[in-house]
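Please look over the structure shown here before reading on. The report that follows is written for someone meeting it for the first time.

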Amino acid sequence: MTWQNINLGLMSHRVSILSSHLSPVMASEKEAALAATPSDSPTIFDKIISKEIPSTVVFEDDKVLAFRDITPQGPVHILLIPKVRDGLTGLSKAEERHIDILGRLLYTAKLVAKQEGLDEGFRIVINDGPQGCQSVYHIHVHLIGGRQMNWPPG
């Protein structure tokens with residue numbers, strides 16, 4: 001068995017675990033976002049933080065966890081999340097007390113972009129609410145790069 005086969009097997013396992021935590025039969029991110037509702041219950045990201053669900057971590061400190069997206073929208077697609085939700089389910093819910101973590105997420109995105117070799121540029125996306133296509137109510141930053149982005153994005 002080669003390392004490539006082992007890596008493919010691990011990825012398949014991660015996808016099946018993550019899929020089991022998402023609503024069944026979601027044909028698209030848009031449908032998942034429209035079906036998602038904010039809740040105080042643990043999110044899939046809380047389960048990734050607690051290591052209940054495996055992920056490919058690319059950066060971790062005491063405040064932020066960054067890991068590869070299982071449905072990448074580019075050669076590099078990394079999610080950055082605060083380790084403590086603290087009511088920050090989306091950007092529209094931000095309060096003054098969240099200023100430090102919001103800045104930390106963006107600064108960490110810059111560090112991870114450099115680590116990933118995205119010297120020619122990258123895109124940062126924060127989805128907010130159903131029309132913003134947010135499907136997990138735990139604020140998260142998408143870092144996407146490794147290809148030419150298009151405009152408009154949506």
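This is a predicted model: local features need pLDDT of at least 70, side-chain atom pairs count only at pLDDT 80 or more; totals for chains, interfaces and linings use all residues.

Five strands make up an open sheet, in which the order is β1-β2-β3-β5-β4 and the pairing is antiparallel. The edges of this sheet are formed by β1 and β4, each of which pairs on one side only. On average, and with direction ignored, neighbouring strands of the sheet are turned by 20 degrees against each other.

Within the sheet, β3 pairs with strand β5 (residues 141-145) in the antiparallel sense over five bridges, and His 77 stands opposite Ile 144 in β5. Helix α4 lies across β1, β2, β3, β4 and β5, and its direction runs at about 150 degrees to that of β3.

The structure holds eight salt bridges. One of them joins Arg 85 to Asp 46, with the closest N and O atoms 2.9 Å apart. This pair links distant parts of the chain, since Arg 85 belongs to the loop between β3 (76-82) and α4 (99-115), whereas Asp 46 belongs to helix α3 (residues 44-49), 39 residues apart.

Are the two partners buried or exposed? Buried means under 20% relative accessible area, and Arg 85 has a relative accessibility of 14%, so Arg 85 counts as buried. Asp 46 is likewise buried, its relative accessible area being 18%.

## Salt bridges between strands and loops

Lys 83 forms a salt bridge with Glu 60, and the closest N and O atoms of this pair are 2.7 Å apart. Because Lys 83 lies in the loop between β3 and α4 while Glu 60 lies in strand β1 (residues 57-60), the pair ties together parts that are 23 residues apart in sequence. Lys 83 is partly exposed, with a relative accessible area of 23%, and Glu 60 is also partly exposed, at 41%. Both residues belong, together with Lys 51, to a network of salt bridges.

Glu 116 and Arg 68 meet through their side chains in another salt bridge, with an N to O distance of 3.0 Å. Glu 116 is found in the loop between α4 and β4 (122-125) and Arg 68 in strand β2 (residues 64-68), so this pair ties together parts that are 48 residues apart in sequence. Arg 68 is partly exposed, with a relative accessible area of 32%.

Methods:
Residues are numbered from 1 along each chain as its sequence is written. Side-chain values use heavy atoms; hydrogens and water are left out. A salt bridge is a side-chain nitrogen of Lys or Arg within 4 Å of a carboxyl oxygen of Asp or Glu. Helices (H or I, at least four residues) and strands (E, at least two) are DSSP runs, numbered from the N terminus. Buried means under 20% relative accessible area, exposed over 50%, partly exposed in between (1.4 Å probe, protein chains only). Two strands pair if DSSP finds at least two bridges between them. Axes are lines fitted to C-alpha atoms, for helices over the stretch in contact, and angles run from 0 to 180 degrees between N-to-C directions. Contact means heavy atoms within 4.5 Å.
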